Amino acid sequence: MHEYPITCEIIGIAEDYVRRYGAQEVLQINLVIGEDSGFIGDSIEMYFEVIAKGTLCERAHIEIEYIKPLLKCVGCHKLFERTSASFTCPLCHQIGRPTARGKEFYIKSIEVDL
Amino acid sequence: MADNKKIEIFTNILQRNDQIAELTQMQMTEQGLLSINVMGAPGAGKTSVILSLIKEMTEMKAYVIEGDIESDIDTKKLREQGIETIQINTHGACHLDAPTLAAALQDLRPLQEGVIFIENIGNLVCPAEFQIGEHIKMLVVTVTEGSDKPYKYPLAFEKADIIILNKIDLLPYVDFDENYFMAGVRGLNPEVLVAKVTAKQNMGIKEVAKWIENKTTLISQELYL
Ligand SMILES: Nc1nc2c(ncn2[C@@H]2O[C@H](COP(=O)(O)OP(=O)(O)O)[C@@H](O)[C@H]2O)c(=O)[nH]1
Ligand SMILES: [Mg+2]
Ligand SMILES: [Zn+2]
């Protein structure tokens, strides 16, 4: 649901760069989305098809790199993927704390015609 | 055929939202207003907790901003108690964002020092993803929602500065496993204060009010800047 305004934001940022670089249009937008960011790539792609019409991103393709969240064990300091109902480290069975890994939500690069 | 030029930009997509949020937070700090983003599922007791806190903190000026998808039922309830309240209707949006709050603050024009509660849209997911200009994120959850919520909605629990576990009066009637709940909370947020509350009977509210009053002192010392 909240991917609508977010998609507008993505298009706005990309258009900004097109103008800054004196290009004609955006050809590709490379996004990075952590699976714990709360943003859904499929929704962004769906809104993009509609919203990009008539903008400098009209013909652009969206490429999404997804990142799996990792917890960090307080005992052995290893990073691990959580299971559904626990935060326990599979190696030493101590608790894992959230890390920034998996919360990414940014535009890595855009490709323009130059 | 034109050449493809790749521009590395590494741009945070929420940057515009976050900039406005920071600005709002600074303005609040300068005015001596502690802003509290109150989050939780529909019916968790956000409005009830806000009401009983304001009744408890008689020394302090309190403002409320009510976020709802539609309707102004809660706003009416608060105004009947003499509380200065502004309604935001998001008309479908599942969370408040920084520009929406900034606009509402223009209308409210809070003048006195004190505390401002911002009741976010009833939703355990989306509000946690957006900074709006708050100093503090308060999460209201209930024993009736089940003890697995930290595992299912980790972000809200991870980001909370204080967690209100509400509807303690209903404990005898539900199978809430407090140890399992607390293990999840501590895994995500080791230091956070978890206050057991029955908002309807003002139980546990004093402790929370004290905690808030202590934070407002920090604000007036501008430690949040
Ligand atoms: N039993 C019980 N009910 C409560 C408590 N706090 C709130 N409620 C009830 O829960 C319902 C939803 O409360 P409300 O404050 O409107 O929740 P909100 O949607 O999160 O703002 C109302 O019927 C309240 O009377 C409590 O501590 N115990
Ligand atoms: Mg409410
Ligand atoms: Zn370990």
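A polar contact is a pair of N or O atoms within 3.5 Å; within protein, one atom must be able to donate a hydrogen and the other to accept it. The legends below describe a predicted model.

**View 1. His135(B) and Thr29(B) meet through their side chains.**
The side chains of His135(B) and Thr29(B) make a polar contact at 2.8 Å. That value falls within the 3.5 Å cut-off for such a pair. His135(B) sits in a loop of chain B. The loop runs between β5 (114-119) and β6 (136-142). Is His135(B) buried or exposed? Its relative accessible area is 7%. Buried means under 20%, so His135(B) is buried.

**View 2. His91(B) has a positive phi.**
His91(B) is not a glycine, yet its phi is near 45°. Most residues other than glycine have a negative phi. Where in chain B is His91(B)? It lies in the loop between β4 (84-89) and α4 (98-108). The relative accessibility of His91(B) is 57%. Exposed means over 50%, so His91(B) counts as exposed.

**View 3. Lys167(B) also shows a positive phi, at about 65°.**
Lys167(B) is a residue other than glycine. It belongs to the loop between β7 (162-166) and α7 (178-188) of chain B. How is Lys167(B) classed by its relative accessible area? The value is 25%, and Lys167(B) is partly exposed. This class covers the range between the buried and exposed cut-offs, 20% and 50%.

**View 4. Chain B as a whole holds eight helices and eight strands.**
The loops of His135(B), His91(B) and Lys167(B) are part of this chain. Chain B has 225 residues, and a compact globule of that length would have a radius of gyration near 17 Å. The value for chain B is 18 Å, which agrees. Its C-alpha atoms fill a box of roughly 70 × 40 × 35 Å along the principal axes. Buried residues make up 55% of chain B. Of its contacts between residues at least 6 apart in sequence, 73% join residues at least 24 apart. Chain B exposes about 10200 Å². Carbon and sulfur atoms supply 48% of that area. How far apart are the centres of the positive and negative side chains of chain B? The 21 positive and 32 negative side chains have centres 2 Å apart.

**View 5. Cys89(A) is a buried loop residue.**
Now to chain A. Cys89(A) lies in the loop between β4 (79-80) and β5 (96-98). Its relative accessibility is 1%, so it counts as buried. Which residues does Cys89(A) touch, leaving out those up to four places away in sequence? They are Cys73(A), Cys76(A), Phe80(A) and Gln94(A). Ile44(A) is 45 residues from Cys89(A) along the chain. The C-alpha atoms of Cys89(A) and Ile44(A) are separated by 33 Å.

Cys76(A) is in the loop between β3 (71-73) and β4 of chain A. Its relative accessibility is 29%, and Cys76(A) counts as partly exposed. Cys89(A), by contrast, is buried. His93(A) comes 17 residues from Cys76(A) along the chain. Their C-alpha atoms are separated by 9.4 Å.

**View 6. Chain A as a whole has two helices and six strands.**
In what pattern do these elements follow along the sequence? Chain A reads α-β-α-β-β-β-β-β. Its radius of gyration is 18 Å, well over the 13 Å that the globule rule gives for 114 residues, so chain A is more spread out than a compact globule. The C-alpha atoms fill a box of roughly 55 × 30 × 15 Å, taken along the principal axes. Buried residues account for 47% of chain A. Among contacts with a separation of 6 or more, 69% link residues 24 or more positions apart. Chain A exposes about 5800 Å², with 52% supplied by carbon and sulfur atoms. Chain A carries 12 positive and 17 negative charges.

Conventions
Residues numbered from 1 in each chain as written. Chains lettered and ligands numbered in written order. Predicted model: local features only at pLDDT ≥ 70, side-chain atom pairs only at ≥ 80, totals over all residues. Heavy atoms only, no water. Helix = DSSP H or I, 4+ residues; strand = E, 2+ residues; numbered from the N terminus. Buried < 20%, exposed > 50% of the residue type's maximum accessible area, 1.4 Å probe, protein only. Rg over C-alpha atoms; globule rule 2.2 N^0.38 Å. Contact = heavy atoms within 4.5 Å. Areas by Shrake-Rupley, 256 points an atom, 1.4 Å probe, with all protein chains shown as cover. Lys, Arg positive; Asp, Glu negative; His and termini not counted. Charge placed at Lys NZ, Arg CZ, Asp CG, Glu CD.
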